[in-house]
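Hi everyone, thanks for coming. Let me put the model up, and then we can walk through one of its chains together.

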Amino acid sequence: MIPCIAMSIFSEVPQAPPVAVFKLTADFREDSHPQKVNLGVGAYRTDDSQPWVLPVVKKVERLIVEDSSLNHEYLPILGLPEFRSAASKVALGEDSAAIKDNRVGGVQALGGTGALRIGAEFLRRWYNGVNNTATPVYVSAPTWENHNAVFADAGFKDIRPYHYWDAAKRGLDLSGFLDDLEKAPEHSIFVLHACAHNPTGTDPSQDEWKKIAEIMKRRNLFVFFDSAYQGFASGSLEKDAWAIRFFVSEGFELLVAQSFSKNFGLYNERVGNLTVVARDNENLTRILSQMEKIVRTTWSNPPSQGARIVGKTLNCPELFAEWKDNVKTMADRVLLMRDQLKAKLQALGTPGTWDHITQQIGMFSFTGLNPKQVEFMIKEKHVYLMASGRINMCGLTTKNIDYVAQSIHEAVTKVQ
Amino acid sequence: SYSSLPCLNEEGQTFVLPLVGKLKKQISADPTLCPEYPSSLGLAEFTKRATEFALGKNSLALMENRVFGIQTIGCTGAVRLGAELLKHWYNTRAAWCGPVYLSSPCDGNIFEAAGIQDIHYYFYWDAKQRDVCVEKLLADLEQAPEQSVVVLSASAHCPTGADLSEQHWALIIQLMMRRRLFPFILLPVQGLCCGDLQRDAWPVQHCASQGMELLCAQSFSHCFGLYGDGVGNLLCVLKQSSLLSAVQSQADRLVRALWARPSVGGARVVATVLSNPEEVKHIVERCMLIRERLRERLRLLGSPGCWDHLIKQRGLYCCTGLNGQQVEFLSKRRHVYLLPNGCLNVSAINSSNLDYIAESIHLALTSAL
């Protein structure tokens, strides 16, 4: 054996920083305090703090496993056809004119992340010129931290924040947002959260969306929706898709990265869909052909299990109704926790206003706690939340809500 | 692409190992299995088994903790992740963008997609000789600049199906060490070619035993009939264990912007099968029995040629040696589907279809085509 003495080609590689939200969960796991609470990672939990397999999913999984006529062949590159069309329909609506015009297509992807990445790769290659890596991409301040990484790795060199969260008034910084839209270079890409903004839980109202759309249309800005919580936010699929449907009705060509991880509880099956709304069928066909090439060099064939479950559910009226019911169960529990947390903080006389807790929507709430107060919560009270003050409402239960409210009260009164 | 046609049985359905079907039912009924987000690196049990499968349990590199494996979306996902890792981190002092050497014919699309522009092709398939031309291959690699990445197929070369012998490999690896070339080995169908699960992995094991660093893209879709579940593994062997954490953390970061995390279903099945040496042994033994019976049937039918290679090879698959026309005959006229290179899935044969398949092969050999 001849020993190879030369240096490793990887000897200069630095350690990547850990992902904050996963580190938080790891720390939580190691904590032995009996009253510890995890308000970090974004997954649904029941009132017993357990993950929840949706009853409709259990039912459909059994149907699939017992169906011996199903084979295990590779899915087409763009994914399971009945899943793609049903997924796009759930976003755009039963009576979508765009779908009737045959100018809507879907690309099955590995969760919401996969959909974002395929969309980003497509835009980098074919939008605003060919291979124009200089097109500015705007993401909200703050946003889901992976947005930056996805667009950067897709090749975009200029990723910028747009004003979104107003910390002082604990709400949407609409004027800052609109101002950024007016000043952005034409053809810039804007990543918009369709509903249940992550991490702030603050969504524009319908009137505010109208203002946003007006400027985007006038200034030729590109709309890229991230839709990870449809149905989960308000309990209504239609309500949570209002912004997407409005923009489509205004004639925008746009992309929607859909995730079914949360609203189907299918976190480990990686079910996502990139919906493409094009000007006409001819454009759509060409766009999808390029999407196919991109998918072929990323994962080639998407996994089938999750898409089968979602496809079957969405395409069968009975199962679809059952699913909507399951989704409402989750959304209702979150709304209940919001109500109760606000009520308890008000009852405790905790300084400040807490209306934002019930005004915000979806899984997350930006409490407004500052980093020092967050540190207090974690170290002294063993209540784990993100340094930004973001909490996952699903981490609250009837069993721990008093303790959490009390902890917040102490954090606000003892720590400045 | 790095995937080829699935093996089908006479009903035109892809073969699902009965064991795989049983495992899927068990997994779906198991209440302790949690539907939560898996790690971005994939199912730990799977990557451990997959990595051992390629390197061999007694690999020094494994024992010295210089190896990591990341579950990917099929072989394509593994190659893409490997390409991204190289693009971002190969030789960090310089901004690296190649060169990468691929065999001709083959396509470099995945590397291009990862942003690597400098792609070259080394000579591989000699159309006239209808074989690999190792002399020309070595000559081309001799010209490659030091630190080039060279992509090689450990088995089932796509698209020619023509593979390198062990002697060829030894020569190539020796050259690569001398010229400081970095191996990126494709292992998409371990057990497919030569029918020997271990033989296919030999090039990987040899590189590792020579102290080389390497990347290896594995896929288990074919071996286990799991086409719908695209289970792959990107294996990385490093020179020092001190680098493991940093390099893995960067690969992890890249995964999170590609697909965030892989799906687990297929990985569970593969991990269970691989961790169950009795099951694997049982599968291999059953295949041996089928091979003997198939050879016997062909003898009784009076099929021309010598069929000893059926029992000399081992594992799930065997290379029949049938040519393209014969393979086409089998698929079009008899609905017996082989891979274009004449390999068939032995484990798809059972007592109810053995006679039909043997007859079909006999007809393919004896009909005027």
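Accessible areas here come from the Shrake-Rupley method with a 1.4 Å probe, and for residues only the protein chains shown count as cover. On that basis chain B exposes about 14400 Å², with carbon and sulfur atoms supplying 51% of it. Of its 369 residues, 60% count as buried, meaning under 20% relative accessible area with that 1.4 Å probe, protein chains only.

Some housekeeping: this is a predicted model, where local features need pLDDT of at least 70 and side-chain atom pairs count only at 80 or more, while totals for chains, interfaces and linings use all residues. Residues are numbered from 1 along each chain as its sequence is written, chains are lettered from A and ligands numbered from 1 in written order, and side-chain values use heavy atoms, without hydrogens and water.

The model scores ipTM 0.91 and pTM 0.87. Chain B averages a pLDDT (the predictor's confidence in each residue, from 0 to 100) of 82. Over residues 1–16 of chain B, though, pLDDT is below 50. Where pLDDT is low, the predicted coordinates should not be read in detail.

Chain B has 15 helices and 11 strands, taken as DSSP runs (helices H or I, at least four residues; strands E, at least two) numbered from the N terminus. Among its contacts (heavy atoms within 4.5 Å) between residues at least 6 apart in sequence, 73% join residues at least 24 apart.

Methods:
Buried < 20%, exposed > 50% of the residue type's maximum accessible area, 1.4 Å probe, protein only.
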